[in-house]
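Please have the sequence and the viewer open while I talk.

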Amino acid sequence: MTPRVLDVLVVGGGATGAALLRDLSMRGARCLLVDKGDFGTGTSGRNHGLLHSGARYVVKDEISALQCARENAVLSRVAAPAIEPTGGLFVATPDDPPDYADGFAAACARAGVACREIEPAEALRREPALRPDLRRAFAVSDGAIDPWALIELNLRSAVHYGGEALAYHRLVGLQLANGRIVGAELADVRSGSTFRVAPRMVVNAAGPWAGRVAALAGAEVTLTLGKGALIVLDRRPVDSVVARCHPPSDGDALVPVHTVAILGTSSVTVHDPDRYAISPAEIAHLMALGDQLVPSFSASRVLRAYAGVRPLYLPRLDELQPRERAGLAADPAAAEALAAGRIDSRRLTRAHRVLDHGPRDGIANLVSIVGGKLTTCRLMAEETADTVAAKLGLGTPCRTADEPMGGADGGRPYWLGHRLAEREVAGGGDADLVCECELVSAGDIERFLDERWPCSLDDLRRGTRLGMGPCQGAFCTFRAAARVGERAGGRAATATGERGLLVAAGGPSPVEIGRVADGPEPPEPGDGPIGPALVDAALVGFLEERFRGVRPVAWGRQLQEAWFEAGVYLGVLGVDALVVDGQRPCLPEDGRAEL
Amino acid sequence: MPSCDVLVAGAGLAGLTTALAAADGGASVWLVAKGHAATHWSHGGLDLAAPPGTVGGGEGVALLARRPGHPYEIVAEDLPAGLARVRRALDAAGLAYEGDLASPHGRIPTAVGATRPAGVLPGAQAAARAPWRPGEGLLVVGFERFRDFAAPAVAASLARPLPWAGAPRPERVTAVGVTLPGLAERRNLDGLDLARAFDDPSWRGPALDAIARAVEPHRGDGELRVAFPAVLGLADHPAVAAALDARLGGPWFEIPLVPPSVPGLRLYEAMVAALRAARVAVQVGFAVSAAIRTPDGRVAGLATAAAGRPFPIRAGQVVLATGGFASGGLVATADGRVEEPILGLPVEAPPQPAWLAPSMFDPAGHPLEAAGIRTDRKLRPVGPTGERAERGVRIAGALLAGARALRERSGDGIAIASGERAARLALARTVGALAVPSGPVAAGPAAGPEGRGAR
């Protein structure tokens, strides 16, 4: 069969890939995005969810600071439903170097990052749980961002403009001829079947896996992977993002996210983006750092721990910008390394980079986007799309900063009580709760399944926050699995046409966007990939995933909860009878628990 | 200050059994507990022991009793008497159980369409264990608007060989949904809401009619067994069961659900009724905080608190049946310690990095499950080198070290056997009750409204 012709294949369904799909689709390109897992399961879904004001970077990395400040304003406008504008506080404690605060305030002024010093007493009125002996406090415009909601907004907008996105599809091979990619082979990781597309351009937005994607085209992209571990509290001791006024280091921000708060991160270099664990020492360290900000911190209940990897691009010597070269030369150790032909990655900017593999590696139609931050994902996409559009001869400019996403009520950011307000609507047509902690209704679940079936409960969690509250799935897993089971049993016949694809919303009838001309036929209902076996996998997989995040913080009340949950799921429900060796699809590797 | 012969802390199966056995033996007994225990989230059956490779509870108990350090090594001999005592109490409340140590573990369906091994079961679950005959089918009945039991998914799963692990299974499995009267507009119904609805005779009649009508078309040529979510009445469950027998005219059984567990609540209420009949003072909501001691340091009672006030209780013998981690009898700390919070007893536990296996479903269970209080053969707590750690106290139930109860399915048996043993040994030290009868003794005059405990 003839492979389908595309303008652009985007590899990687994180925040950047999704924003890029939107950007290019708005410019009129025919684009397909693929991710080997669910959207937002890599670095995008494994961080604080911090919408930076730029203040964190003003002292060391002015470029990043400026980009963050600008993008903070842009995202607050165009991606409001994914953002809680909490505001932020940088606080100087007696444990912080006293002179940093002066330099910090001056650097904010210099960089144009909004920052207002307030009395410590005022900071404590705003956030009474903070330690009472604050020396200084600065109000900034940090906020919280829900990465999965942001990705969904981008994908929905992209679909509206004709883009397509396929979860659980891995790029397994690239065919090159005469210095161009002429074909891409994609594998449906759930069915195992493969098919080909013929893209005019390929964009590598694979984050920590960017080196592997580039290698498929024979190009070398070197990344330094910094693992960051984070812990989740069962409450919001603060309602603003709180950061320490000291040079960026471990545990430097506490971010209120929906009903919980997240503290992180540690930073440990790792070598494999699929395999890393969280050490007890990291957890102990984070707990101690939490106590330095909020005295009651270690007495609180920690729900889980998770970790992600920051992919920091290590440029080749000939790619160093003059500014970077000067920065390295200014540091004795880095200068020495540079003289020997090596680059000290600790001295590099966190800013992103668009790599055009045409001039760089002789692959005319491959572009990589590397580095960067969640806050700047739209800007990264814009710069990448500019490069791609130029190569495709598209003259249309970027419009992603102008057009708000999220439909008619897209102008409003979310707030802590938004779920409760929805549930309290009179009549409550879909108010049967599946997840009480996060107020996820049966209607929420059914709407997600309508679009994404078949999917795992973990996919459902990213889409709805199912199981992300204090009980970590003890009650909702059972109910949600039953909903999946009803689809698998009673409604399998209607589900066979859909294959875990995002479909367009808003049109008179949903438009399926994953139909690929020579794609595999969906499996028959029954005890195959769609059927009770899927429910087993959903149930077992979700319980395992939740357990994985609880395990590093299993003490006190959370261990009690885990024991209770085991008593119910093993003792009463006998779930162990459904565990089949090797049957845990769609699960991250060891240590890669998510929020 | 009230005083009694035997003071039991903990209202789980271990504490309930201890109190009942002590009262049956003629002691004055108080039972105090911070709150409800595992009965309220368990399945209501009695898991004696079903370690892999065993076919019956007796064999399972014998196997575990040979494992050095396992609680059954000490208490297995007390299980038959304890089990008989508990069965008598349940019978008296109209909650007859079936099966004993000689019964094979049948595999019975669960509410996620899996199966679990089960030996001793309440009457309403017992039909699930009968061998499946050739041609026999299973009909799973669900109730509309009830989110905790999805009959179609349960049936779809049970129609496969996988969940049955090689055990005999029904030839066909189907599901049917029943709309119960007056519930169409209800939201977030749980099992207790439905159980209380079934307790109401005026609602029950039409509801059972609707059920019978829905089941009828599924009767074909072969035999049919019918499964329901375990919500068929709480206080009036025997009447609901009898009415359902009459309506269906064939075998049926209940499948236990996620908490709140209706079968577990029935078990608890039946045991508490037996305790009250035996004049035990049962006080739930009394958090125990510390020991009362004699001048030479022996434990002579417990300091509890209720309604914000200290409430000390003096006792000749104290039995601690406060449970494991799930019930708060054991507490793990962030820095890797495992504590017994009431008396600060020495706890035997693995080092923290080895607490939990990487997989929730590790077939060997988690090392931390075995954590608990090590005792001598008289269930008195001992330290790491076997020295007596405390005087005047015995330990029963999940607080004991050495079991991986979840995987062994031994928790109820250990609770009953250790409760029976703790009571027997406590009675032996209690003035006036040196002999331990296996059944209730003639009740003496009541000391007051709280029973003879409050003297």
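For chain B the mean is 92, and 95% of its residues reach 70 or more.

Where pLDDT is low, predicted coordinates should not be read in detail.

Now let's look at chain B as a whole. Its secondary structure comes to 12 helices and 17 strands. How far does the C-alpha trace of chain B span along its principal axes? The answer is about 75 × 50 × 40 Å. The radius of gyration of chain B is 23 Å, and a compact globule with 455 residues would have one near 23 Å, so the two agree. Of those 455 residues, 60% count as buried. If you take the contacts in chain B between residues at least 6 apart in sequence, 68% of them join residues at least 24 apart.

Next, a sheet in chain B. In which order do its four strands sit? The order is β8-β7-β9-β10 in chain B, in an open sheet with parallel pairing. At the edges you find β8 (172-178) and β10 (252-255) of chain B, each pairing on one side only. On average, neighbouring strands in this sheet are turned by 25 degrees against each other, ignoring direction. Helix α6 of chain B, residues 151-158, packs on the sheet and touches β7 (137-143) and β8 of chain B; the helix direction makes about 180 degrees with that of β8(B).

Let's zoom in on one pair of strands. β9 of chain B, residues 224-229, pairs with β10(B) in the parallel sense over four bridges. If you click on Pro229(B), you'll find Ile255(B) of β10(B) opposite.

Over to chain A, and strand β20, residues 366-370. Why is β20(A) largely enclosed by the rest of the structure? Because five of its five residues are buried. In a regular strand, side chains alternate between the two faces of the sheet. In β20(A), Leu366(A), Ser368(A) and Val370(A) are on one side, Val367(A) and Ile369(A) are on the other, and all are buried, which leaves both faces covered.

Strand β12 of chain A, residues 194-204, pairs with β20(A) in the parallel sense over three bridges, and Asn204(A) has Ser368(A) as its bridge partner. Strand β19 of chain A, residues 353-356, runs antiparallel to β20(A) and is joined to it by four bridges. There, Val354(A) stands opposite Ile369(A).

Where are the cis peptide bonds I'd like you to look at? One joins Gly264(A) and Thr265(A), with omega about 5 degrees, and Thr265(A) sits in the loop between β16 (260-264) and β17 (268-270) of chain A. Another runs from Pro259(B) to Pro260(B), with omega near 0 degrees; Pro260(B) is in the loop between β10 and α10 (262-277) of chain B.

Then there are two arginines to check. Arg465(A) has a positive phi of about 70 degrees although it is not a glycine, and its loop lies between α14 (457-464) and α15 (476-489) of chain A. Is Arg465(A) buried or exposed? Its relative accessibility is 5%, so Arg465(A) counts as buried. Arg409(B) also has a positive phi, near 50 degrees, and lies in the loop between α11 (405-408) and α12 (411-428) of chain B. At 6% relative accessibility, Arg409(B) counts as buried.

Notes. Residues are numbered from 1 along each chain as its sequence is written. Chains are lettered from A and ligands numbered from 1 in the order in which they are written. This is a predicted model: local features need pLDDT of at least 70, side-chain atom pairs count only at pLDDT 80 or more; totals for chains, interfaces and linings use all residues. Side-chain values use heavy atoms; hydrogens and water are left out. Two strands pair if DSSP finds at least two bridges between them. Axes are lines fitted to C-alpha atoms, for helices over the stretch in contact, and angles run from 0 to 180 degrees between N-to-C directions. Contact means heavy atoms within 4.5 Å. Buried means under 20% relative accessible area, exposed over 50%, partly exposed in between (1.4 Å probe, protein chains only). pLDDT is the predictor's confidence in each residue, from 0 to 100. The radius of gyration is taken over C-alpha atoms; the globule rule is 2.2 Å times the number of residues to the power 0.38.
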